[in-house]
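Hi there,

Here is the structure I promised to pass on to you. Please have a look at it first, and then read on for what turned up.

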Amino acid sequence: MNIEKAEVLVSSPGRNFVTLRITTDDGLTGLGDATLNGRELAVAAYLTEHVVPLLLGRDAHRIEDTWQYLYRGAYWRRGPVTMAAIAAVDTALWDIKAKAAGLPLYQLLGGKSREGLMVYGHASGLDIPELFDSIREHLEEGYRAVRVQTGIPGLPSVYGVAHSKNAAAGSASGSDARYDYEPARRNAIPVEESWDTRAYLRHVPAVFEAVRNEFGPELPLLHDAHHRLTPIQAAKLGKSLEPYDLFWLEDVTPAENQAALRRVREHTTTPLAIGEVFNTVWDYRELFEEQLIDYVRSPITHAGGITALRRILDYAAIYQIKSGMHGPTDVSPVGLAAGIHLGIAIQNFGMQEYMMHSPATLEVFRTTFSFENGMLAPSEAPGLGIEYDDEAAAGYAYASAYLPVNRLLDGSMHDW
Ligand code: KDG
Ligand code: MG
């Protein structure tokens with residue numbers, strides 16, 4: 001079963017996606033997600049110019065060898081562009097292998113370890129009443145865990161918090177109002193937001209106190225600090241949130257410095273999650289071996305595919321560290337579906353992020369997974385269970401879009 005064709009599909013149904021579709025000489029197709037938010041065309045070019053020519057004629061069954069060929073063979077290892085490209089190839093080949101076997105992909109990964117994946121949604125509000133409405137809306141949709149992001153007094157907008165006053169009225173399929181901080185905005189240059197760490201550190205604990213008072217002790221609550229704190233600020237935040245029993249506190253410090261998490265860990269028992277911007281197991285080595293984190297945020301799309309993330313999570317399992325796969329709307333339904341198959345199979349699943357794709361996205365990517373009672377589950381369709389609709393995609397042309405950048409009040413650039 002040789003690879004006959006590999007197409008790089010760039011489309012923009014609601015937001016930009018890069019998808020690799022591999023076709024074999026016996027007519028099977030497989031899909032892989034290669035979307036890198038705000039830098040999409042770099043991966044599309046990497047695939048088109050440097051990967052697709054190497055795939056043609058290769059045995060589609062040789063997933064491990066193809067992974068090693070693209071990783072070791074490139075000489076320039078790691079990095080988000082390279083690893084997203086490798087992830088797309090790897091995922092597409094797993095999709096094909098499972099279709100060839102006539103089985104849903106999770107069966108090839110060891111079969112089910114659970115019936116469904118517990119997910120969390122994105123609740124947010126500029127103020128507490130809006131935030132409560134957003135949490136209630138998520139609970140009504142069946143979510144059994146929520147990420148809580150809040151506006152900060154004095155800051156006109158905060159990434160992760162819907163700007164619109166009626167954001168909580170967004171539809172179950174993820175309207176623009178509800179997630180208006182995403183997709184990355186379609187501008188020639190990024191929007192600039194401002195940031196004040198002291199105001200943030202003062203405000204967030206009070207918000208969590210209010211949420212716990214309103215919604216009780218059971219509801220799993222999560223929070224994302226988007227890499228904006230120094231180690232000691234992060235330690236302070238973790239400590240101040242301890243009374244509110246977070247499921248996890250995410251991305252507290254810039255992710256390049258693994259040692260920073262040592263400082264944070266020394267001071268707080270709030271569970272820590274990190275890794276949505278990591279690309280390889282090497283980014284996690286110190287964090288695992290010193291048990292500095294509790295959840296691995298890498299999705300399949302940005303960590304080199306199913307083959308690589310499986311390895312990362314097996315390594316994590318030795319240290320009782322669990323998965324917490326990234327699942328915003330810039331991980332395409334293909335990337336999400338791959339994560340659902342992996343998550344259902346592994347022993348050390350923790351939590352899955354699920355933001356829900358827009359109706360436009362779901363017009364192009366035909367999904368079969370289900371969301372019921374706060375749990376995602378794969379279908380029994382062979383492979384990933386996703387079809388790409390070329391005709392629908394043709395109506396959604398690519399337009400450049402960027403995440404906002406972040407400046408302190410004095411105008412200097414700040415960490416994401
Ligand atoms: O592309 C970046 C976004 O997906 C990211 O900022 C969202 O932090 C995020 C999250 O946890 O979903
Ligand atoms: Mg995050």
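Is His227 buried or exposed? His227 is buried, with a relative accessible area of 9%. A word of caution before going further: this is a predicted model. His227 sits in the loop between E7 and helix H7 (231-241), and although it is not a glycine, its phi is positive, at about 65 degrees.

A second residue belongs in this part of the story. Met356, also not a glycine, has a positive phi near 70 degrees. You will find Met356 in the loop between strand E12 (352-353) and helix H12 (359-364). Met356 is buried, with a relative accessible area of 11%.

Now to the metal site. The magnesium ion (ligand 2) is coordinated by Asp224 (OD), Glu250 (OE) and Glu276 (OE), at 2.0 to 2.1 Å. Along the sequence these donor residues follow the spacing D-x25-E-x25-E. Glu250 and Glu276 link distant parts of the chain, 26 residues apart: Glu250 belongs to strand E8 (residues 248-250), while Glu276 lies in the loop between strand E9 (272-274) and helix H9 (285-289). Both Glu250 and Glu276 are buried.

E7 runs parallel to strand E5 (residues 146-150), joined to it by two bridges, and Arg147 stands opposite Leu222 in E7. E7 also pairs with E8 in the parallel sense, over three bridges, with His223 opposite Leu249 in E8.

Finally, here is one for anyone who sets up charges. Asp90, in helix H3 (residues 80-101), is buried yet has no salt bridge. Which side chain of opposite charge is nearest to Asp90, and how far away is it? That is Arg311, at 7.6 Å, whereas a salt bridge would need a side-chain nitrogen within 4 Å of a carboxyl oxygen. What the side chain of Asp90 does reach is the backbone nitrogen of Ile306, at 2.7 Å. Setting aside neighbours within four places in sequence, Asp90 is in contact with Ile63, Trp67, Gly304, Gly305, Ile306 and Thr307.

Best wishes, and happy browsing!

How values were computed: Residues numbered from 1 in each chain as written. Chains lettered and ligands numbered in written order. Predicted model: local features only at pLDDT ≥ 70, side-chain atom pairs only at ≥ 80, totals over all residues. Heavy atoms only, no water. Helix = DSSP H or I, 4+ residues; strand = E, 2+ residues; numbered from the N terminus. Buried < 20%, exposed > 50% of the residue type's maximum accessible area, 1.4 Å probe, protein only. Lys, Arg positive; Asp, Glu negative; His and termini not counted. Polar contact = N/O pair within 3.5 Å; in protein donor to acceptor, adjacent residues only side chain to side chain. Contact = heavy atoms within 4.5 Å. Donors = N, O, S within 2.8 Å, 3.2 Å for Na, K, Ca; no water. Pairing = 2+ DSSP bridges.
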